[in-house]
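Please open the structure in a viewer and keep the selection tool at hand.

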Amino acid sequence: MADIQDPVDDLSVTPPKEWATGVPAVTHALEYSLGQTSVRRTALTLLNINQVKGFDCPGCAWPEPKPGKRHKNEYCENGAKHIADEATSRRVTADFFRDHTVAELDQKSDYWLNQQGRLTEPMVKRPGAEHYEPIGWDAALDLVAQELRALDSPDEALFYTSGRLNNEAAFLLQLFARAYGTNNLPDCSNLCHESSGSALTETLGIGKGSVTLDDIHESDLVFVVGQNPGTNHPRMLTALEETKRGGGRVIAVNTLPEAGLLRFKHPQKARGVIGRGTQIADQFLHIRAGGDLALFQALNLMLLEAEEKAPGTVVDHDWVTTHSTGYEEFAEHARKTSWDDVLMATGLSRAEIEQVHEQVLKSRNVIVCWAMGVTQHKHGVPTIREIVNFLMLRGNIGKPGAGVCPVRGHSNVQGDRTMGVWERMPQAFMDALGREFDFTPPQKHGLDSVDGIRAMRDGKAKVFVGVAGNFVRATPDSDVTEAAMRGCRLTVHISTKLNRSHTVCGDTALILPTLGRSDRDVQAGGEQFYTVEDSMSEVHASRGRLAPASPHLLSEIAIISRLARKVLGDSPAIAWEDFEADYGTVRDRISRVVPGFENFNERVAAPGGFRLPNPVNQGVFRTPSGKAVFTVNDFTMPEVPAGHLLLQTLRSHDQWNTIPYAMNDRYRGIHNARRVVMVNPEDIEALGLADRDLVDLVSVWHDGTERRAPGFRIVSYPTSEGSAASYYPETNVLVPLDSVADISNTPTSKSVLVRLEPAASGGTPADDVAL
């Protein structure tokens, strides 16, 4: 294996890119792939990723075009890098753990840990031990079963999953947890898009987006709010290019200018290789962090005023009367919107917002897409409710080319929730689950991710089982989270690769290695496939093509099924052996529990699978009133005292979730460094600081406590005034555990109140700080 060095910051800065993708993206993807594995394995992965008979890219949840319309290279730069990272030829063996203590590994960077390669056999760290050591599968699962059965209550256990999990494994995980007796099923949705689910369920009756790829292509106007497609889901740029080529327009709303929203060079088209590519955003609103609620309140005020001037020409009264409730209360409140408040919160000019309003009036079909730049604010839920108000005013719900589009980052995070991985599943689901498996699921709501950390911190949760993901690096308040995990009696991580969560151990800790998305999965019933659900409710099969990284690996389905047998025995009597042998038997049971999955095996066998029905598109709203709900949302904005900034945590371009693949953020022009803070040049001057100054980031919480992240270089960057940006997970330490969005309990990682202090005397220079 190549000698992997722990990287150090050695910052260099170039001007931000004014376009994304093109030939450089192809080059960077191939360089990374060939650095991880052979030419043959690289070709095998790239030819099968996102293909009808291949495997689903784990990189994001953006959907694929229909069969016959998708390209033979249906992937993006970051997807290619991510699958190469999984298909790596590097291996982590028992010898590796003999050579490194847990304490040594805990000092290594996220980059270094990930670059060691694929896990190959189960490992255990016993109480008081300094090293992980090998353990057999039966012994490992016996250990977990013993700890779970010894708890005073099933509610002392947490079962966490990330969106990398497939539908079948997710269904079995929640079935096992509930048969065991708890609804403690925290997941990564709690940390990112829970605000979307909360707002959409309240207003439209379903916590999912309503649009398809065809809708994006056919829309007259697409808003892209609080998201960076060029890095986080680059294939979205292909869809937006189709919007533009069909005559539609795009409005980008962001605190940072993002290269992909400026201009896109499609690497599979001549215009993207030798031409200038396609301008994506027709208008860029350089908004202040947390100002999106005020923006949509202003747009709604203007629509109501335009309707008053020309009755019957602006508001779709037929739609409003037939399909909604609460309009009069909403309209009365909206007319009180203050332009002074709007301009203060957004940092925009009235002329800019009026220009958007003109585009809205010209557009028959409007879509609003958003991501965590909206959801991870204290007022994330009211902001999304106001977006729904905006769309409903002109009937832009449930018709072609229009609707709500929360863009989720994990490949199957939406599917996990559909399968029941939620601490508060509806009673109808619980009743169906109980009937199908002849037991009574627990009725008490469980713990989400934030409340799960609190429970571990307070000694109320003692066993943590994580299926995929990197919990300690995905969650807020790093010091609190790590202390909470270390206080557990047992921590279990079902993983493909080494990550920081494996070094933050309970008294006893297990690493259980599993098959990856690209690995061939052969069970007693023959070669298996599983399914995923993307951001637009398309459900399709995924089949791994590579030889597994080790003969000792088990699938997630096999691990969950074997553990369930050991913990539950025959009570209740569930055919776990059948599920492990043949995943089709899992799908048969899903078809009788989860609405929309009737005849699951038959329908998913069709090329490209099937789309789940969205009742919104049939004019059905599963709200208490049976109608879509206009809401009243009070104006609010983050309060930023003098001498402070509002920090948002974000990814670099060479990063997938918590794991950096390199030290570069190519599109933003930041190279060889991660401990940087991007600040508007006027804010730098006002704070009495200078570009490249070494500072500590100090977050300030309302109870007077402070959190410090030392040794960051200031980079002068066109952030919106009063806003700053820095990479996670390095800055997760600054996000207080109790700083969460109202209603959804999502950490407010996009609005962290900070001050910048000259680096403490004797502090660690940024040039010497590992990731």
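Is Asp282 buried, partly exposed or exposed, judged by its relative accessibility? The model is a predicted one, and in it Asp282 has a relative accessibility of 25%, so Asp282 counts as partly exposed.

Asp282 sits in the loop between β11 (278-279) and β12 (283-286), whereas Arg249 belongs to strand β9 (residues 249-254), so the pair ties together parts that are 33 residues apart in sequence. Arg249, at 34% relative accessibility, is likewise partly exposed.

Next, select Asp220 and Arg364, which are joined by a salt bridge whose closest N and O atoms are 3.8 Å apart. Here distant parts of the chain are linked: Asp220 is in the loop between α10 (213-218) and β8 (221-225), and Arg364 is in the loop between α19 (350-362) and β14 (366-370), 144 residues apart. Asp220 counts as buried at 18% relative accessibility, while Arg364 is exposed at 62%.

Then display Asp696, Glu706, Arg708, Arg755 and Glu757, which a network of salt bridges links. Across the whole structure, a search finds 51 salt bridges.

Finally, select helix α7 (residues 137-150) and helix α27 (residues 556-568). They pack at an angle of about 50°, with axes 9 Å apart, which means that α7 is oblique to α27. Their crossing is right-handed. Among the residues making the contact are Trp137 and Leu141 of α7 and Ile559 and Leu563 of α27. By class, this contact has eight nonpolar, five charged and no polar residues.

Key:
Residues numbered from 1 in each chain as written. Predicted model: local features only at pLDDT ≥ 70, side-chain atom pairs only at ≥ 80, totals over all residues. Heavy atoms only, no water. Axes fitted to C-alpha atoms, helices over the stretch in contact; angles between N-to-C directions. Helix = DSSP H or I, 4+ residues; strand = E, 2+ residues; numbered from the N terminus. Parallel < 35°, antiparallel > 145°, perpendicular 65-115°, else oblique. Left-handed = near helix turned anticlockwise from the far one by under 90°. Contact = heavy atoms within 4.5 Å. Nonpolar A, V, L, I, M, F, W, Y, C, P; charged D, E, K, R; others polar. Salt bridge = Lys/Arg side-chain N within 4 Å of Asp/Glu carboxyl O. Buried < 20%, exposed > 50% of the residue type's maximum accessible area, 1.4 Å probe, protein only.
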